[in-house]
Amino acid sequence: QRAACIVSGDTTGKRKPYPEPLLYASEIINLAPANIVYMGDDPRDIYAGNAAGMYTCVAKFGYIDPVIDTESWGADFSIDNPMDLMKHIQLSSPISDFKS
C-alpha cells in the first residue's frame, strides 16, 4: 500500500548505475523522469538517477560515512535528514525549483 511499485535488481536485467530500473519504475507510476526526485546514499544511485534524467538527491544520513565526499557524485542537492527534503519539494512550484 505504501509503494506504487517495487523494482528489484533483477527486474530489468540491468542494475544501478544503469538507468533501466529507474526508467521502468517511472513507466509503472506514469511519471516522466524529469518530474521525479531520486534519492540515494551511494554514488551508483546518483549516477543512475542522472542517467535516467531525474533530479537527484544524496541522502547523507544513514549508511554514508561522514568523511565521504558526496559532492563529487554529481547530485542536484543533498540532505542531512529526511525532513530536509521538504525544503526542496514545493507542490505549487515548477520542477525547475528543485535545483539548488
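A residue counts as buried when its relative accessible area is under 20%, and this cut-off is used in each of the views below, which show a predicted model.

Figure 1. Of the 100 residues in the protein, 30% are buried. The accessible surface comes to about 6,700 Å², and carbon and sulfur atoms hold 52% of that area. Among the contacts in the protein with a separation of 6 or more, 30% are made by residues 24 or more positions apart.

Figure 2. S26 is a residue of helix 1, and because its relative accessibility is 4%, S26 counts as buried. If the neighbours within four places in sequence are set aside, the residues in contact with S26 are L31, A32, P33, I36 and M54.

**Figure 3. The buried side of helix 1.** Which residues of helix 1 are buried? They are P21, L22, A25 and S26. The partners against which the buried residues of helix 1 pack are strand 1 and helix 2.

**Figure 4. The end of helix 1 and the loop beyond it.** The residue N30 follows helix 1 and belongs to the loop between helix 1 and strand 1. Its phi is near 60 degrees, which is a positive value in a residue other than glycine. Is N30 buried or exposed? With a relative accessibility of 68%, N30 counts as exposed, since the cut-off for exposed is over 50%.

Figure 5. At the start of helix 2, a side-chain oxygen of D42 comes to within 3.0 Å of the backbone nitrogen of R44. Helix 2 spans residues 43–51, and its buried residues are D45, I46, A48 and G49. They are on the same side of helix 2, because the arc they cover around the axis is only 165 degrees. The elements that cover these buried residues include helix 1 (20–28), strand 1 (37–40) and strand 2 (55–59). After helix 2 comes G53, and the phi of G53 is positive, near 85 degrees.

**Figure 6. F77 in strand 3.** Strand 3 is made up of residues 77–79, and F77 lies in it. Because its relative accessibility is 5%, F77 counts as buried. How far apart are F77 and Y55 in sequence and in space? They are separated by 22 residues in sequence, while the distance in space from C-alpha to C-alpha is 8.5 Å.

**Figure 7. A cis peptide bond, and a lysine over a ring.** In the segment before helix 1 lies P17, and the peptide bond that leads from K16 to P17 is cis, with omega near 25 degrees. This view also takes in K14, which lies over the face of Y18, at 4.7 Å from the ring centre. As for pairs of aromatic rings, the count for this protein is 0, where a pair would need ring centres within 6.5 Å.

Note on methods: Residues numbered from 1 in each chain as written. Predicted model: local features only at pLDDT ≥ 70, side-chain atom pairs only at ≥ 80, totals over all residues. Heavy atoms only, no water. Phe/Tyr/Trp six-rings, centres within 6.5 Å; stacked < 30°, edge-to-face > 60°. Lys NZ or Arg CZ within 6 Å of the ring centre and 35° of its normal. Buried < 20%, exposed > 50% of the residue type's maximum accessible area, 1.4 Å probe, protein only. Contact = heavy atoms within 4.5 Å. Areas by Shrake-Rupley, 256 points an atom, 1.4 Å probe, with all protein chains shown as cover. Helix = DSSP H or I, 4+ residues; strand = E, 2+ residues; numbered from the N terminus. Arc of directions from axis to C-beta. Polar contact = N/O pair within 3.5 Å; in protein donor to acceptor, adjacent residues only side chain to side chain.
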